[in-house]
Amino acid sequence: MKYGEKEIAEARLEAWPNPSENTYTIEITFPEFTCLCPRSGYPDFATIRIRYIPDRYIVELKSLKLYLNKYRSMYISHEEATNRIFNDLKELLKPKFLEVIGDFNPRGNVKTVIKVSTEDPLEKS
């Protein structure tokens, strides 16, 4: 097993203390997300967009990159992948706001965009 494969296999999301008391937004784009269709086994390609307002924790970016790369060998639907990423980040970070968008490339002439979010506290204002 090559060192990158080993890092991906052992990947765990890691939370770091938020370095600021300010209210701010973090936006992360992962344009090379892949997983496998649970029905056909064909690869699915997507851009995963993560936007959140941290509370006490932020996600360590290398751990996020390795975590997202674990999906490349998973048989998982677009909906389940997007919701699992959302749930794992929400549980780890307990952010003030979180949104995860799975923007999947067309396959078989069908394009899917999955959006999961908590209520945005800034939109209430």
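I take helix axes as lines fitted to C-alpha atoms over the stretch in contact, with angles running from 0 to 180 degrees between N-to-C directions. Helices (H or I, at least four residues) and strands (E, at least two) are DSSP runs, numbered from the N terminus.

**Basis.** I work on a predicted model, in which local features need pLDDT of at least 70 and side-chain atom pairs count only at pLDDT 80 or more, while totals for chains, interfaces and linings use all residues. Residues are numbered from 1 along each chain as its sequence is written, and side-chain values use heavy atoms, with hydrogens and water left out.

**Entry: helix 2 and helix 3.** Two packed helices are described by the angle between their axes and the distance between the axes. I looked up both for helix 2 (residues 61-69) and helix 3 (residues 78-93): the angle is about 150° and the axes are 12 Å apart. Helix 2 is therefore roughly antiparallel to helix 3; angles over 145 degrees count as such, those under 35 as roughly parallel, 65 to 115 as roughly perpendicular and the rest as oblique. I record a right-handed crossing for this pair, the near helix being turned clockwise from the far one by less than a right angle.

Which residues of helix 2 meet helix 3? I find Leu64, Tyr67 and Leu68 on the helix 2 side, and Arg84, Ile85, Asp88 and Leu89 on the helix 3 side, where contact means heavy atoms within 4.5 Å. The residues of this contact divide into 5 nonpolar, no polar and 2 charged. In this division Ala, Val, Leu, Ile, Met, Phe, Trp, Tyr, Cys and Pro count as nonpolar, Asp, Glu, Lys and Arg as charged, and the others, Gly among them, as polar.

**Entry: cysteines.** I searched the whole structure for disulfides (pairs of cysteine sulfur atoms within 2.5 Å) and found 0. Cys35 is in no disulfide, and the nearest cysteine sulfur, that of Cys37, is 8.4 Å away. The sulfur of Cys37 has its closest cysteine sulfur in Cys35, and 8.4 Å is too far for a bond. I then checked burial, where buried means under 20% relative accessible area, exposed over 50%, and partly exposed in between (1.4 Å probe, protein chains only). Cys35 counts as buried because its relative accessibility is 0%, and Cys37 counts as buried at 12%.

**Entry: positive phi.** Most residues other than glycine have a negative phi, and most peptide bonds are trans. I noted Lys94, not a glycine, with a positive phi of about 50°. Lys94 lies in the loop between helix 3 and strand 5 (97-107) and is exposed, with a relative accessible area of 56%. I also noted Asn109, whose phi is near 70°. Asn109 sits in the loop between strand 5 and strand 6 (110-117) and counts as exposed at 79% relative accessibility.

**Entry: Thr112.** Is Thr112 buried or exposed? I find Thr112 buried, with a relative accessible area of 16%, and placed in strand 6. Leaving aside residues up to four places away in sequence, Thr112 touches His78, Glu79, Gly102, Asp103 and Phe104. Thr112 and Cys37 are 75 residues apart in sequence and 13 Å apart in space, C-alpha to C-alpha.

**Entry: Arg56.** I located Arg56 in the loop between strand 3 (43-53) and strand 4 (57-59); at 58% relative accessibility Arg56 counts as exposed. Beyond residues up to four places away in sequence, Arg56 touches Trp16, Pro17 and Asn18. Arg56 and Lys96 stand 40 residues apart in sequence and 9.2 Å apart in space, C-alpha to C-alpha.
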